[in-house]
Amino acid sequence: MDVCRGLKEWGLRPGEQAAMMLPTGTDFFRAFFGVLYAGGVPVPIYPPLRLAQLEDHLRRQAAVLNNAEAVVLITSAEAGAAARLVQPLVKGLRGVRTVEQLSSAAKGLAFEQQRSPPTALIQ
């Protein structure tokens, strides 16, 4: 629930798209369900795999994020630099945070689940 509270503190409104540049694992699922509980729409994208293909990867991901109209990007500390490089390429993206940053920013905030929008996932 900390991720949900962190997203709401960050300004995610119900129905807005939240991109997640995370490998499959605990943080991915914490972010995914945090977005749903906050009333947002999760948009999973792949983190970069090879530095040699970083530029091409970031351009493709920027196109996905623009098309999905993502307003926030959740990532890992390892992919944070790449996520910050894509930020200026995405119109309307308010910023980049890690799951840990969202969780720690939300300490002490009350949890209030939002009604989920009709769209549960954009892939």
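1. Buried here means under 20% relative accessible area, exposed means over 50%, and partly exposed is in between (1.4 Å probe, protein chains only). On that scale, 47% of the 123 residues of the protein chain count as buried. Contact means heavy atoms within 4.5 Å. Of the contacts in the protein chain with a separation of 6 or more, 72% are between residues 24 or more positions apart.

2. A word on provenance: this is a predicted model, where local features need pLDDT of at least 70 and side-chain atom pairs count only at pLDDT 80 or more, while totals for chains, interfaces and linings use all residues. Residues are numbered from 1 along each chain as its sequence is written, and side-chain values use heavy atoms, with hydrogens and water left out.

3. On to the overall layout. The protein chain has five helices and four strands, and reading along the sequence gives α-β-α-β-α-β-α-β-α. Helices (H or I, at least four residues) and strands (E, at least two) are DSSP runs, numbered from the N terminus.

4. Now the sheet. The four strands make an open sheet in the order β2-β1-β3-β4, with parallel pairing. β2 (41-45) and β4 (96-98) are the edge strands with a single partner each, so one side of each has no neighbour in the sheet. Direction ignored, neighbouring strands are turned by 30° against each other on average. Two strands pair if DSSP finds at least two bridges between them.

5. Strand by strand, β1 (residues 17-21) is joined to β3 (residues 70-75) by five bridges, running parallel. β1 and β2 also pair in the parallel sense, over five bridges, and three bridges join β3 to β4, again parallel.

6. Ala 18 has Val 72 as its bridge partner in β3 and Pro 42 as its bridge partner in β2. Ala 19 stands opposite Leu 73 in β3, and Leu 73 in turn stands opposite Val 96 in β4.

7. How covered are these strands? In β3, six of its six residues are buried, so the strand is mostly covered. As for β2, four of its five residues are buried, so it is largely enclosed by the rest of the structure.

8. Glu 69 counts as exposed, at 57% relative accessibility.

9. Next, the α1/α2 pair. The axes of α1 (residues 2-10) and α2 (residues 26-37) come within 7 Å and cross at roughly 55°. Axes are lines fitted to C-alpha atoms, for helices over the stretch in contact, and angles run from 0 to 180 degrees between N-to-C directions. The two helices are therefore oblique to each other; under 35 degrees counts as roughly parallel, over 145 as roughly antiparallel, 65 to 115 as roughly perpendicular and the rest as oblique. α1 passes α2 in a right-handed crossing, meaning the near helix is turned clockwise from the far one by less than a right angle.

10. Which residues of α1 meet α2? Val 3, Cys 4 and Leu 7 do, against Arg 30, Ala 31, Gly 34, Val 35 and Tyr 37 of α2. By class, this contact has six nonpolar, one polar and one charged residues. Finally, α1 also lies across β3 and β4, running at about 140° to β3.

How values were computed: Nonpolar A, V, L, I, M, F, W, Y, C, P; charged D, E, K, R; others polar.
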